[in-house]
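Good morning, everyone. Please have a look at the chain on the screen, and then I will walk you through some of its parts.

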Amino acid sequence: MPRVASVFVCLCFAILSACAHDRGAAPIIPAAAGVGQQEMIFGATSRKAEGSGFGSERSATLSLLEMEISIPPERERGTLNLGGADPDPRTDFVISAQTLHDEGSFRRRIKSHLNKIPAYQREVTIFVHGFNNTHAEAAFRTAQLKRDIEIPGATIFYSWPSRGATLGYAYDEDSALFARDGLENLLRATHNATGLPVIIVAHSLGSQLTMEALRQIEISSPGWSKRNLSGVILMSPDLDVDLFKSQIARFQSVPQPFVIFANSRDRALGISQRIRGTNTRARLGNISSLEQLSDLPVQVVDTSNLKRSRDLNHFPAANSPTLIALLRRLRDQADAQERRRIELARLLPGDVSQLGGAVRVELDEEAVEQ
């Protein structure tokens with residue numbers, strides 16, 4: 001597509017989004033607790049406060065919070081309905097309660113939450129959102145993933161200062177670098193508070209932020225990631241392959257499992273390629289072979305053969321009912337030992353290939369649905 005046409009398409013998306021509703025608006029409605037299904041999540045953000053929420057401006061201070069999210073009672077898995085400034089809890093995701101914490105109370109609340117659940121479910125998952133997300137959208141997406149995939153333990157979202165605008169890509173790239181220290185502080189504080197290994201899940205441009213934060217942790221504390229992370233999952237990473245390899249080269253030892261969800265039909269990453277002036281140099285999230293990753297202990301889960309999902313095939317783990325159902329089954333099957341790298345290929349239905357230390361699983365639609 002010619003560059004002018006691409007820009008025109010982006011403008012159309014921006015106009016349509018603006019007409020739909022104020023994406024950053026998310027009023028706190030306590031009455032929603034009596035309508036929807038409640039999901040409790042924790043949050044940390046390097047955004048500046050804006051009213052009762054947080055906007056797109058950057059803050060050097062990390063804000064810590066706890067939220068109750070009301071999820072519509074009758075909702076198809078993989079859907080995320082937003083109501084803007086006037087949400088209806090019968091159909092929309094709604095914030096029903098929010099508490100701001102200082103570091104001490106934040107740690108105590110996470111520990112208290114974990115102590116109330118069975119020991120085998122005590123784990124911590126940190127979700128890092130991607131490009132073009134408001135703070136509210138990041139919170140709602142985290143609650144949706146927690147509910148749909150049935151993520152146990154404590155779930156924390158890191159809300160970095162994305163502009164939340166289709167044409168804000170350059171701002172978001174700068175913000176992702178700005179937010180590295182905040183994510184490092186959150187990772188260290190969470191592990192220190194719980195004593196538990198942390199699973200980190202990052203989407204899109206949030207993968208670049210995550211890898212940069214882990215790289216700087218490894219430089220100052222060699223081996224920290226292997227000791228304190230029980231998994232790294234990059235969903236549709238908007239990340240240059242050479243940059244990724246330079247980042248992971250600083251790891252004393254790569255935590256396992258280290259999983260990359262890729263899709264060669266990811267249209268959002270195709271746009272990212274064109275912005276950079278090349279259609280042939282794949283991003284990490286739409287890589288189609290293991291050749292460039294053969295010397296790395298990583299697993300690539302290729303979702304290209306699944307039915308098209310919402311959002312330009314850019315987040316099938318959140319939008320594809322088929323893949324969500326598979327991830328739910330894996331959660332039921334996998335125990336602590338089965339989360340090793342060699343076990344993932346056995347658990348996932350599809351064609352498995354290996355090149356050097358890298359493993360690739362090409363998911364098959366029919367096998368996944370069985």
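Let's start with a helix pair. One thing before that: this is a predicted model. Now find helix α6, residues 205-220, and helix α8, residues 241-248. Their crossing is left-handed. How is that contact made up by class? It has 4 nonpolar, 3 polar and 2 charged residues.

Which residues are these? From α6 we have Q208, M211, E212 and R215. They meet L243, F244, S246, Q247 and I248 in α8.

Now the geometry. In general, two packed helices are described by the angle between their axes and the distance between the axes. The axes of α6 and α8 come within 9 Å. They cross at roughly 25°. Angles under 35 degrees count as roughly parallel. So α6 and α8 are roughly parallel to each other.

On to a second pair. Helix α2 covers residues 103-115, and helix α5 covers residues 180-194. Their axes are 9 Å apart. The packing angle is about 55°. Are they parallel or oblique? α2 and α5 are oblique to each other, therefore, at that angle. The crossing of α2 and α5 is right-handed.

Who makes the contact here? On the α2 side there are E103, F106, R107, I110, K111 and L114. On the α5 side there are L186, A189, N192, A193 and T194. By class, that contact has 6 nonpolar, 2 polar and 3 charged residues.

Next, the inside of the chain. In soluble globular proteins, nonpolar side chains tend to be buried together. What do we find here? The largest nonpolar core holds 51 residues. Five of its members touch the most others: L183, L187, F244, F258 and L293.

What does L183 touch, once neighbours within four places in sequence are left aside? The answer is I126, V128, Y158, I200, L209, T210 and A213.

Now step back to the whole chain. How much of it is buried? Of the 370 residues, 55% count as buried. The secondary structure comes to 13 helices and 11 strands. Then take contacts between residues at least 6 apart in sequence. Of these, 76% join residues at least 24 apart.

Last, a few backbone details, all in loops.

The peptide bond from Q256 to P257 is cis, with omega near 0°. P257 lies in the loop between α8 and β8, and β8 is 258-262.

E150 is not a glycine, yet its phi is positive, about 60°. Look for E150 in the loop between α3, 135-149, and β5, 154-159. Buried or partly exposed? E150 has 39% relative accessibility, so it counts as partly exposed.

S236 also is a residue other than glycine with a positive phi, here near 50°. Its loop runs between β7, 229-235, and α8. Relative accessibility is 4% for S236, so this residue counts as buried.

That's my tour. Thank you, and over to you for questions.

Methods:
Residues are numbered from 1 along each chain as its sequence is written. This is a predicted model: local features need pLDDT of at least 70, side-chain atom pairs count only at pLDDT 80 or more; totals for chains, interfaces and linings use all residues. Side-chain values use heavy atoms; hydrogens and water are left out. Axes are lines fitted to C-alpha atoms, for helices over the stretch in contact, and angles run from 0 to 180 degrees between N-to-C directions. Helices (H or I, at least four residues) and strands (E, at least two) are DSSP runs, numbered from the N terminus. Angles under 35 degrees count as roughly parallel, over 145 as roughly antiparallel, 65 to 115 as roughly perpendicular and the rest as oblique. A crossing is left-handed if the near helix is turned anticlockwise from the far one by less than a right angle, and right-handed if clockwise. Contact means heavy atoms within 4.5 Å. Ala, Val, Leu, Ile, Met, Phe, Trp, Tyr, Cys and Pro count as nonpolar, Asp, Glu, Lys and Arg as charged, and the others, Gly among them, as polar. A nonpolar core is a set of buried Ala, Val, Leu, Ile, Met, Phe, Trp, Tyr and Cys residues joined through side-chain atoms within 4.5 Å. Buried means under 20% relative accessible area, exposed over 50%, partly exposed in between (1.4 Å probe, protein chains only).
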